[in-house]
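Visitor: I've got a model open and I'd like to learn how to read it. Could you walk me through a few features?

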Amino acid sequence: MVDNEKSSCVYKNRDAPVEARVKDLLSRMTLPEKIGQMTLIERSVASEAVIRDFSIGSVLNAAGSWPFEDAKSSNWADMIDGFQRSALESRLGIPIIYGIDAVHGNNDVYGATIFPHNIGLGATRSGSLLSKVQIWYKRREERDLHINGDADLVKRIGAATALEVRASGAHWAFAPCVAVVKDPRWGRCYESYGEVAQIVSEMTTLVSGLQGEPSKEHTNGYPFLAGRKNVVACAKHFVGDGGTNKAINEGNTILRYEDLERKHIAPYKKCISQGVSTVMASYSSWNGDKLHSHYFLLTEVLKQKLGFKGYIVSDWEGLDRLSDPPGSNYRNCVKIAINAGIDMVMVPFKYEQFINDLIDLVESGEVLMARVDDAVERILRVKFVAGLFEFPLTDRSLLPTVGCKEHRELAREAVRKSLVLLKNGKYGEFLPLNCNAERILVVGTHADDLGYQCGGWTKTMYGQSGRITDGTTLLDAIKAAVGDETEVIYEKNPSEETLASGYRFSYAIVAVGESPYTETMGDNSELTIPFNGSEIITAVAEKIPTLVVLFSGRPMVLEPQVLEKAEALVAAWLPGTEGQGIADVIFGDYEFRGKLPATWFKRVDQLPLDIESNGYLPLFPLGFGLNRDSVENSKKV
């Protein structure tokens with residue numbers, strides 16, 4: 001009986017070609033069932049009845065929307081499997097695909113390994129390193145030889161993240177962000193790998209890490225997933241989100257198409273060549289037209305010219321933003337977005353309105369059935385490729401991978417490779433630090449704050465302060481690294497008494513930086529170090545030889561007194577949970593390897609700085625980063 005059912009129901013036959021299964025299933029679907037597949041809802045409204053009765057195609061959680069606070073991966077798997085069982089009870093038994101913001105590890109889930117944010121990964125280097133900063137003032141074509149990131153490292157991070165995501169029951173990671181950031185004032189700067197397309201394109205290997213690597217014979221543009229230890233990836237945000245005028249989040253990117261293609265579309269080509277299964281549209285606009293309604297870019301360029309055969313998903317309430325005020329005239333927003341090429345809509349709450357409006361639009365002929373069929377074909381294609389019909393539920397054997405030693409060692413390696421040494425005494429004599437010094441002073445808001453160390457998109461959308469998950473702060477790492485006889489004194493804000501007795505300390509480590517932020521809340525026109533960071537650095541450095549460790553999602557203003565007084569300065573970016581990676585390098589167990597993935601400006605009134613411009617006069621140029629070789633060369637000069 002089962003064999004007869006499989007032969008008549010092609011879509012249930014795992015041995016049938018994917019396209020045959022898609023065609024067969026689509027032919028059996030009603031219009032409401034098709035539109036249900038195009039609907040992505042938030043977990044808080046995803047009841048058993050809603051998923052089953054509306055044939056909902058996908059569920060996600062907002063960052064900070066947990067089964068309960070500090071829920072472990074097994075708790076997430078219980079919740080997601082519950083959603084899945086509801087979907088399997090629908091008439092056709094089409095499984096949901098569950099999406100999560102796993103942008104630097106499975107960062108919504110307590111106990112997961114948190115890797116450095118993308119800006120730090122963009123600072124890693126795998127090939128030849130700069131020996132002299134002067135190379136940046138040679139011919140432009142020579143510069144390109146020295147700005148590749150560690151693509152293999154990023155691929156391995158993708159593979160580790162995929163295991164931890166699948167262990168939690170989720171199937172789809174909203175990563176990688178392949179924005180090319182042109183101005184650090186943008187609030188999503190840290191989500192970018194760097195300011196030039198070459199760096200970002202190199203780091204798209206995260207796609208192959210998450211999804212697995214397709215064979216050379218794989219059809220370009222066709223979605224790919226290797227197996228149950230991999231997750232569906234999502235290249236975002238298409239396109240130009242990192243190049244908006246005045247670095248305004250969700251703003252307007254003003255460029256000729258040729259420049260848009262060269263500067264911002266290029267990384268998507270690399271993602272598509274690796275079989276990326278989904279692409280997320282950007283909130284931003286191109287030359288005044290919003291991407292969520294942009295037929296030329298979504299359909300003619302992405303789907304037709306680039307050959308993308310996966311599905312395009314909207315961003316959170318992306319359709320609402322097509323009207324003013326947001327959410328008004330919603331029916332028209334649905335019409336223009338779907339007709340432009342959006343396939344799946346991150347509603348995320350008003351699913352009934354979306355479904356009813358789209359049904360009405362199809363019945364009235366304002367949205368053609370062919371457009372709906374194209375969207376659903378793409379969604380089903382990804383679900384079949386991902387094996388969700390055969391293996392819809394969580395593989396609990398993956399649970400031991402969550403936060404495991406191997407993954408934490410990988411994150412620690414990433415931290416080591418991401419650190420950029422900006423200053424090291426006059427002739428490189430300050431670092432590495434003596435781990436057997438008699439007495440060390442550790443100071444600053446970021447020395448013992450895991451939440452600050454991880455940044456935004458960690459546990460919640462905007463991030464938090466404190467011991468928000470399992471991990472090692474910089475202070476923890478310093479205490480573990482120094483000798484048994486070394487005394488470590490920690491003061492978040494140094495007292496006058498401590499500074500007055502500065503002669504007692506061999507050296508100080510001052511850890512300052514930004515508090516967590518995300519998206520528009522992170523837009524910043526000043527870029528000064530918060531919490532009086534510059535003043536704290538200066539006060540300590542005037543009394544004690546000082547290493548500054550700066551935690552930030554972007555270059556910040558470095559006041560002249562900071563550069564003058566501090567003996568050494570390290571850009572640590574937002575390194576995640578494994579603070580030992582910093583101690584590994586500052587105490588000399590490993591060499592500094594990081595190179596700036598973005599230009600470090602002198603003053604904010606210079607921004608945006610363009611490396612292709614003749615007026616490019618930064619404080620530290622793109623690709624800058626000291627190491628032992630560069631110090632030796634500077635001595636000879």
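Guide: Let's start with strand pairing: two strands count as paired if DSSP finds at least two bridges between them. Keep in mind that this is a predicted model. Here, β6 and β8 (residues 285-286) run parallel and are joined by 2 bridges.

Visitor: Which residue in β8 is the bridge partner of Thr253?

Guide: That's Trp286.

Visitor: What is the strand order in the open sheet of 3 strands?

Guide: Read it as β6-β8-β9, with mixed pairing. The edges are β6 (252-253) and β9 (289-290); each has a single partner strand, so one side of each lacks a neighbour in the sheet.

Visitor: Now the loop between β5 and β6. Is Val239 there buried or exposed?

Guide: Buried means under 20% relative accessible area. Val239, in the loop between β5 (234-238) and β6, comes out at 0%, so Val239 is buried.

Visitor: What is Val239 in contact with, leaving aside neighbours within four places in sequence?

Guide: The partners are Leu260, His264, Ile265, Tyr268, Ser282, Ser284, Leu291 and Leu297. As for Leu358, the C-alpha to C-alpha distance from Val239 is 25 Å, and the two are 119 residues apart in sequence.

Visitor: And pockets? What volume does the second largest pocket have?

Guide: About 320 Å³. Its lining has 18 residues, and Lys182, Gly243, Leu255, Lys263 and Pro608 are the closest to the centre.

Visitor: How do the lining residues of that pocket divide?

Guide: Into 7 nonpolar, 5 polar and 6 charged.

Note on methods: Residues are numbered from 1 along each chain as its sequence is written. This is a predicted model: local features need pLDDT of at least 70, side-chain atom pairs count only at pLDDT 80 or more; totals for chains, interfaces and linings use all residues. Side-chain values use heavy atoms; hydrogens and water are left out. Helices (H or I, at least four residues) and strands (E, at least two) are DSSP runs, numbered from the N terminus. On a 1 Å grid over the protein atoms alone, a cavity is a set of points where a 1.4 Å probe fits but cannot get out, and a pocket is an open set with protein on both sides within 12 Å along at least five of seven lines; lining residues have an atom within 4 Å of a point. Grid points are joined across faces, edges and corners, and a volume is the space filled by probe spheres set on the points. Ala, Val, Leu, Ile, Met, Phe, Trp, Tyr, Cys and Pro count as nonpolar, Asp, Glu, Lys and Arg as charged, and the others, Gly among them, as polar. Buried means under 20% relative accessible area, exposed over 50%, partly exposed in between (1.4 Å probe, protein chains only). Contact means heavy atoms within 4.5 Å.
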